[in-house]
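This briefing is intended to be read alongside the sequence and the coordinates shown below. Please keep both in view while going through the grouped points.

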Amino acid sequence: MILCIAQLIRWLHTSLSKKADGYVSRHDSTMRTIFLLNNINYLLKRLENSSLLSIIQQYQTDLREKYDEDFQNNLKDYTKWYLYHFSL
């Protein structure tokens, strides 16, 4: 049962990434980055609040690290964009 839930969560993350690819234009990937930041953060918070994260991590120990890494990469991309457009 837990392995099925972990697989569903991986599928959700993959689905969100594919959906985010629809936001990419030739010149600006900001909407993609914001979409992923928001959804990855939401997913992690819901998992933590439901205690599912600790249960799933018994079977998939690197789950949290993968999502944290993805979140940090998107945050870095957004920060670069923000500094480029709003730096004085």
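Predicted model: local features only at pLDDT ≥ 70, side-chain atom pairs only at ≥ 80, totals over all residues.

In brief, the largest nonpolar core has 17 residues, the count of salt bridges comes to five, and a search of the whole structure finds four aromatic pairs.

**Nonpolar core**

- Within the largest nonpolar core, which has 17 residues, the members that touch the most other members are Ile 9, Ile 40, Leu 47, Ile 56 and Tyr 67.
- The elements that contribute two or more residues to this core are H1, H2, helix H3 (52–56) and H4, and H2 gives the most, with seven residues.
- Ile 9, when its neighbours within four places in sequence are left aside, is in contact with Leu 43, Leu 47, Ile 56 and Tyr 67; of these partners, Leu 43 and Leu 47 are listed among the buried residues of H2.

**Helix H2**

- Helix H2 covers residues 30–50, and its 21 residues should span 30 Å at 1.5 Å a residue, a value with which the 30 Å between its end C-alpha atoms agrees.
- The buried residues of H2 are Thr 30, Thr 33, Phe 35, Leu 36, Leu 37, Asn 39, Ile 40, Leu 43, Leu 44 and Leu 47, and what covers them includes H1, H3 and H4.
- After H2 comes Ser 51, whose phi is positive, near 65°.

**Salt bridges**

- In H2, the side chains of Lys 45 and Glu 48 meet in a salt bridge with an N to O distance of 3.9 Å, and the two residues, being three apart in the helix, are separated by about one helical turn.
- Salt bridges that share partners join Lys 45, Glu 48, Arg 64 and Asp 68 into one network.
- Lys 66 forms a salt bridge with Asp 62, the closest N and O atoms being 3.5 Å apart; Lys 66 has a relative accessible area of 45% and is partly exposed, as is Asp 62 with a value of 32%.

**Aromatic residues**

- Among the four aromatic pairs found in a search of the whole structure is that of Tyr 78 and Tyr 82, which is tilted, with 6.3 Å from centre to centre and 35° between the planes.
- Tyr 78 and Tyr 82 both lie in helix H4 (residues 63–86), where they are four residues apart, about one turn of the helix.
- Tyr 78 is partly exposed, with a relative accessible area of 26%, and Tyr 82 also counts as partly exposed, at 42% relative accessibility.
- One aromatic cluster is formed by Tyr 78, Trp 81, Tyr 82 and Phe 86.

- His 13 is found in helix H1 and counts as buried, because its relative accessibility of 16% falls under the 20% cut-off.
- Apart from its neighbours within four places in sequence, His 13 is in contact with Ile 40, Tyr 67 and Asp 70; Ile 40 and Tyr 67 are also among the core residues that touch the most other members.
- Lys 18, which is also found in helix H1 (residues 2–21), is exposed, with a relative accessible area of 61%.
- Lys 18 and Arg 32 are 14 residues apart in sequence, and their C-alpha atoms are 9.9 Å apart in space.

Methods. Residues numbered from 1 in each chain as written. Heavy atoms only, no water. Phe/Tyr/Trp six-rings, centres within 6.5 Å; stacked < 30°, edge-to-face > 60°. Buried < 20%, exposed > 50% of the residue type's maximum accessible area, 1.4 Å probe, protein only. Salt bridge = Lys/Arg side-chain N within 4 Å of Asp/Glu carboxyl O. Core = buried A, V, L, I, M, F, W, Y, C linked by side-chain atoms within 4.5 Å. Contact = heavy atoms within 4.5 Å. Expected span 1.5 Å × (residues − 1).
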